[in-house]
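Please read it alongside the sequence and the coordinates.

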Amino acid sequence: MTDNVMQLFEQSGAVLHGHFILTSGLHSDTYMQCAKLFEHGDIAEALCKKAADKLRKYNADVIVSPAVGAIIFGYELGKQLGLPNMFAEREKDGNFALRRGFELKAGSKVIIAENVVTTGGSVMEVIELVKSLGAEVVAVAEVVDRSGGKVDFGVPNESLLQIEVKTHKPEDCPMCKAGTVAVKPGSKGLK
């Protein structure tokens, strides 16, 4: 499946090459733009069917995704698993919260759905939100694990594509030192 997922990224123009600022603040020469991948409903459905097959064993009650990037993945994953889905949004203070009338019942078993994980920062924030509401995170699912399997959420982590892409702290970034301008294609910081 890994080769097939990467092939889908390439075919849909979802693998970008350049100089990017990731959600984590790290810099990279490669960006996996899941929005381009999920632009195609048939691809989204096929990928989420494969993800759902990996996730059924966790017997979850609900899917929770960090907004904005993972909303479509969470929706389609919920559809494939027959589960409700909701998304967490950043408040003005920068913390995630459930809004729009979403309510997570205490004791609910939750799968966190994310598009791309590099350091796992956003997922960890959503895990803390879910726990603070009295629910249990039973697994994390992502389309792409850019950490090469190094991120540990303390719960099972299921990915459709696991790769390791070089990242750099801004002060150590060779692309910055070469004078290229970094762009931020992700959604963190949107208002």
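Arg100 lies in the loop between S5 and S6, where helices (H or I, at least four residues) and strands (E, at least two) are DSSP runs, numbered from the N terminus. The model is a predicted one, in which local features need pLDDT of at least 70 and side-chain atom pairs count only at pLDDT 80 or more, while totals for chains, interfaces and linings use all residues. Residues are numbered from 1 along each chain as its sequence is written, and side-chain values use heavy atoms, with hydrogens and water left out.

Arg100 has a positive phi of about 60° although it is not a glycine, and a positive phi is also found at Asn59, again not a glycine, with a value of about 50°. Asn59 belongs to the loop between H3 and S3. Most residues other than glycine have a negative phi, and most peptide bonds are trans. The peptide bond from Ala67 to Val68, however, is cis, with omega near 5°, and Val68 is placed in the loop between S3 and H4.

The table gives accessibility, for which buried means under 20% relative accessible area, exposed over 50%, and partly exposed in between (1.4 Å probe, protein chains only).

| Residue | Relative accessibility | Class |
|---|---|---|
| Asn59 | 54% | exposed |
| Arg100 | 62% | exposed |
| Ala97 | 14% | buried |

Ala97 is located in strand S5. Not counting residues up to four places away in sequence, Ala97 touches Phe87, Ala88, Glu89, Glu91 and Leu129, contact meaning heavy atoms within 4.5 Å.

Six strands form an open sheet of mixed pairing, in the order S5-S4-S3-S6-S7-S8, two strands being paired if DSSP finds at least two bridges between them. Strand S5 (96-98) and strand S8 (157-162) stand at the edges with a single partner strand each, so one side of each is left without a neighbour in the sheet. From one strand to the next the twist averages 25°, where axes are lines fitted to C-alpha atoms, for helices over the stretch in contact, and angles run from 0 to 180 degrees between N-to-C directions.

Strand S7 (residues 136-145) pairs with S8 in the parallel sense over five bridges, and Ala141 stands opposite Glu158 in S8. Helix H3 (residues 41-55) packs on the sheet, touching strand S6 (109-117), S7 and S8, and its direction makes about 145° with that of S8. Helix H4 (residues 71-81) also packs on the sheet, where it touches strand S3 (62-66), strand S4 (85-90), S6 and S7, with its direction at about 170° to that of S3.
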